[in-house]
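I opened this notebook to record what I looked up in the structure. The entries follow the order in which I worked.

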Amino acid sequence: MANSGEERKEKMKLYSYWRSSCAHRVRIALSLKGLEYDYIPVNLLKGEQSDPDFKKINPMGTVPALVDGDVVISDSLAIIMYLDEKYPEPPLLPPQLHKRAVNFQAASIVLSGIQPHQNLGVIRFIEEKINSEEKTAWVINAITKGFTALEKLLVSCSGKHATGDEVYLADLFLAPQIYGAINRFQINMEPYPTLTKCYESYKDVPAFQNAAPEKQPDAPASTS
């Protein structure tokens, strides 16, 4: 993805980490929109998010961060909505008012009810202050509570994907969260048939496959 000269100046820059679910959902959005960008890795395990140069871009010291010319955005939902307004095709929200609300609700459950509880900084803190068993229990509780809510929310309105047969905002949040639940935390998906069906459907969508953690340039070779 690296480019130089005038071509590089025209491209957006995405500061990302291969395993970050927040960055993962933005990569899906960029891929769905067919947008080219320069991938700039930020190794969270090595603490590169605390580097003073990166904190000039995102004072919170988190990924993702998107740089589009003079525009800098450092929140995944804000980035996705920015991209959807600037590049409206394909749309990431359905035309029906109720389904739009469901998409926002599903995104919110992941964004505030699950992902922050499995954040690297949070689970490291729990492990240091208590122990690794409590860390694992904390994460599993957050994921199962969130997945139970998502299953009930989506069971009556899902189609091929979360809220119908088209890919929308909810799918961008579901895919990375389920990926992490299965691959990082070995969550049993049997109690969540709707979520499982959606996750299987993403395997047929190139944009989701292109954005997969193991396909990113900073992913360890063993995950490829």
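**Entry 1: a strand and its partners**

I began with leucine 14, whose bridge partner in S2 is tyrosine 39. Before going further I noted that this is a predicted model, in which local features need pLDDT of at least 70 and side-chain atom pairs count only at pLDDT 80 or more, while totals for chains, interfaces and linings use all residues. I also noted that residues are numbered from 1 along each chain as its sequence is written, and that side-chain values use heavy atoms, with hydrogens and water left out.

For the element names, I took helices (H or I, at least four residues) and strands (E, at least two) as DSSP runs, numbered from the N terminus. Two strands pair if DSSP finds at least two bridges between them. I recorded that S1 and strand S2 (residues 37-41) pair in the parallel sense over 5 bridges. With strand S3 (residues 65-68), S1 pairs in the antiparallel sense over 3 bridges. There, leucine 14 stands opposite leucine 66, and tyrosine 15 stands opposite alanine 65.

I then asked: is strand S1 largely enclosed or open? Of the 5 residues of S1 (residues 12-16), 4 are buried, so the strand is largely enclosed by the rest of the structure. Buried here means under 20% relative accessible area with a 1.4 Å probe, protein chains only.

**Entry 2: the sheet and its helices**

I listed the strand order of the open sheet as S2-S1-S3-S4, 4 strands with mixed pairing. S2 and strand S4 (71-73) are at the edges with a single partner strand each, so one side of each has no neighbour in the sheet. From one strand to the next, the twist averages 15°.

Helix H2 (residues 21-32) lies across S1 and S2 and runs at about 155° to S1. Contact means heavy atoms within 4.5 Å; axes are lines fitted to C-alpha atoms, for helices over the stretch in contact, and angles run from 0 to 180 degrees between N-to-C directions. Helix H4 (residues 76-86) lies across S1, S3 and S4, at about 30° to S3.

**Entry 3: arginine 25**

I looked up arginine 25, which lies in helix H2. Arginine 25 touches, among others, Ser76, Ile80, Val110 and Phe173, not counting residues up to four places away in sequence.

How values were computed. Buried means under 20% relative accessible area, exposed over 50%, partly exposed in between (1.4 Å probe, protein chains only).
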